[in-house]
Amino acid sequence: MKIDFSHITACGECCTGCRKKAEGLCQGCVESDGHCAEWAQSGVCPIHRCTREHSVRFCGLCADFPCEWLVKTVVWRPNAVQELRELADRYRQQEE
């Protein structure tokens, strides 16, 4: 199955089908350029900002992946590193 990576967030989640987005609680990281409601106090999602600073679509594609900062930040997804690694592999396969 081909993945539409234009809907994949910096942390590797997909806004399509997201409950928070569907209920209007979040605009979506991709659509809001990281300025989603959950990160309103700090201005922008720090993970989104980091991927932009590293010029990558999502963390799994970063030369510094996996970094300690990411592991400490994405606490809501215990398997984030493995999932991002697999997502990066799929991305590279689709780009071939």
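Visitor: How many disulfides does the structure hold?
Guide: Zero disulfides are found, a disulfide being a pair of cysteine sulfur atoms within 2.5 Å. Keep in mind that this is a predicted model, where local features need pLDDT of at least 70 and side-chain atom pairs count only at pLDDT 80 or more, while totals for chains, interfaces and linings use all residues. Residues are numbered from 1 along each chain as its sequence is written, and side-chain values use heavy atoms, with hydrogens and water left out.

Visitor: What makes C67 count as buried, exposed or partly exposed?
Guide: Its relative accessibility does: buried means under 20% relative accessible area, exposed over 50%, and partly exposed in between (1.4 Å probe, protein chains only). C67 has 26%, so this residue counts as partly exposed.

Visitor: How many aromatic pairs does the rule give?
Guide: The count is three. Rings of Phe, Tyr and Trp (its six-membered ring) pair if their centres lie within 6.5 Å; planes under 30 degrees apart are stacked, over 60 edge-to-face, and the rest tilted.

Visitor: Why is the pair of F5 and F58 called stacked?
Guide: The ring centres of F5 and F58 are 5.9 Å apart and the planes meet at 10°, so the pair is stacked. This pair links distant parts of the chain, 53 residues apart: F5 sits in the segment before α1 (19–22), and F58 in the loop between α3 (46–53) and α4 (68–73). Helices here are DSSP runs (H or I, at least four residues), numbered from the N terminus.

Visitor: What kind of aromatic pair do F58 and Y91 form?
Guide: F58 and Y91 are edge-to-face, with 5.9 Å centre to centre and 90° between the planes. Y91 lies in helix α5 (residues 80–95), 33 residues from F58, and this pair too links distant parts of the chain. Together, F5, F58 and Y91 form one aromatic cluster.

Visitor: How do you know whether F58 is buried or exposed?
Guide: F58 has 0% relative accessibility, so F58 counts as buried.

Visitor: And what about Y91, buried or exposed?
Guide: Y91 has a relative accessible area of 17%, and therefore Y91 is buried. F5 is buried as well.

Methods. Helices (H or I, at least four residues) and strands (E, at least two) are DSSP runs, numbered from the N terminus.
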